[in-house]
Amino acid sequence: MPSAFIVASAPVASSGPPPRFVSSSASPVVAGRDELLAGLLAPGASIAPKYFYDTLGSALFEAITELDEYYPTRTERAILAARDREIAAAFGRPGCTLIDLGAGNGEKAARLFAALRPREYVAIDISVEYLRRSLEALQSRFPHVAMTGVGADLGEPIELPERVARQGRLFFYPGSSIGNFVPDDAQRFLAGLRTHLDDTGGLLVGIDLAKDARTLEAAYDDALGVTAAFNRNVLRHVNRIAGTDFVLADWRHVARFDATHGRVEMHLEARRPVRVSWPGGERRFAAGERIHTENSYKYRLADFAALLGRAGFAVQAQWLDERERFAMLLARPQRA
Ligand code: AVI
């Protein structure tokens with residue numbers, strides 16, 4: 001179910017009320033038990049990366065973004081801070097509807113508010129409770145922006161509430177999260193966004209660029225062990241959803257750059273022979289056997305522009321940091 005809950009609030013005249021909760025239900029990933037067990041039983045076991053983001057996982061991800069080794073967030077933040085006016089001018093529609101995909105705490109989007117001057121902010125995230133809290137805090141800081149929260153799994157087709165204006169929509173997909181899709185799925189996802197846009201719309205997307213393996217592996221295996229905790233925390237979440245009995249200490253965090261695919265892969269590796277059981281089933285893992293938990297693709301600009309083209313977008317403008325580690329691209333719908 002793409003939209004598990006909607007939080008909405010109308011713009012208000014003063015710094016007052018918290019968002020009005022129109023409706024609520026459980027996390028969109030609660031329905032994921034069958035998917036998870038199928039992934040665990042497959043010959044090459046896997047857990048989809050969306051399961052990282054329970055409340056603790058979202059907080060751990062936020063901690064990752066503060067790490068010395070994890071350059072994408074601060075690099076992107078610096079690009080947005082330096083270029084926000086240029087981005088707003090290039091998009092050219094004050095009073096737009098800013099639609100934040102994987103909004104998290106909404107901070108990145110909020111930094112664009114001054115330049116973009118959105119009339120409405122739609123925040124979409126899989127981590128429902130985290131989003132709810134984030135939106136309450138944001139609404140009190142920006143009482144004049146109408147805010148809507150949508151709890152959704154971005155792996156499913158996006159549904160926007162009907163009242164969201166069609167003109168002047170700007171999808172904001174920062175953080176290189178597009179890199180967590182394999183390229184065919186990324187293309188499908190972008191083509192799906194395209195269907196929500198008319199000629200006045202756009203997409204502002206952050207891309208982590210291809211670079212040396214050492215930098216990449218350090219970014220995904222930091223000295224403090226925060227990324228390792230983030231990776232292992234997925235097992236706690238799976239235990240809750242699927243009734244499995246993973247013991248976290250049995251699993252080692254592994255992050256490797258795969259040059260053939262141009263991606264960093266994260267895995268959990270069994271430290272010893274492990275038996276994992278759940279109501280109605282079990283799987284045995286040999287020592288050294290792995291569960292694949294994430295891909296993070298690193299793109300060359302030309303390759304990503306080509307992918308956007310296949311999804312019905314054309315790059316209008318791009319902004320890179322000095323070391324060309326990261327890029328923000330503004331893409332516009334191409335006429336069919
Ligand atoms: C959310 N996503 C873009 C992050 C990434 O870099 O692929 C998730 C992450 N995984 C480990 N560190 C950060």
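**Cavity and ligand shell**

User: How many cavities of 30 Å³ or more does the count come to?

Analyst: The count comes to one. A cavity here is a set of points on a 1 Å grid over the protein atoms alone where a 1.4 Å probe fits but cannot get out. Points are joined across faces, edges and corners, and the volume is the space filled by probe spheres set on them. Keep in mind that this is a predicted model, where local features need pLDDT of at least 70 and side-chain atom pairs pLDDT 80 or more, while totals for chains, interfaces and linings use all residues. Residues are numbered from 1 along each chain as its sequence is written, and side-chain values use heavy atoms, without hydrogens or water.

User: Which residues line the largest cavity?

Analyst: Its lining, meaning residues with an atom within 4 Å of a point, consists of Phe61, Tyr70, Pro72, Thr73, Glu76, Lys108 and Gly175. Helix H3 (residues 71-91) gives the most, with three residues. The volume of this cavity is about 30 Å³.

User: OK, switching to the ligand. Which residues are closest?

Analyst: Tyr70, Asn180, Tyr220, Glu294 and Ser296 are the closest of the 14 residues around the ligand; a residue counts if one of its heavy atoms lies within 4 Å.

User: What are the distances for Asn180, Tyr220 and Ser296?

Analyst: A polar side-chain atom of Asn180 is 2.9 Å from a ligand nitrogen. Ligand oxygen atoms lie 2.5 Å from a side-chain N or O atom of Tyr220 and 2.7 Å from one of Ser296. The protein covers 97% of the 340 Å² of accessible area that the ligand has on its own, by the Shrake-Rupley method with a 1.4 Å probe.

User: Nice! Which helices and strands supply at least two shell residues each?

Analyst: Helix H2 (55-64), helix H8 (226-242) and strand E12 (290-297) do. The protein has nine helices and 14 strands, taken as DSSP runs (helices H or I, at least four residues; strands E, at least two).

User: And how big is the box that the C-alpha atoms fill?

Analyst: Along the principal axes, roughly 60 × 45 × 40 Å.

Note on methods
Polar contact = N/O pair within 3.5 Å; in protein donor to acceptor, adjacent residues only side chain to side chain. 1 Å grid on protein atoms, 1.4 Å probe; cavity = no way out; pocket = protein on both sides within 12 Å on 5 of 7 lines; lining within 4 Å.
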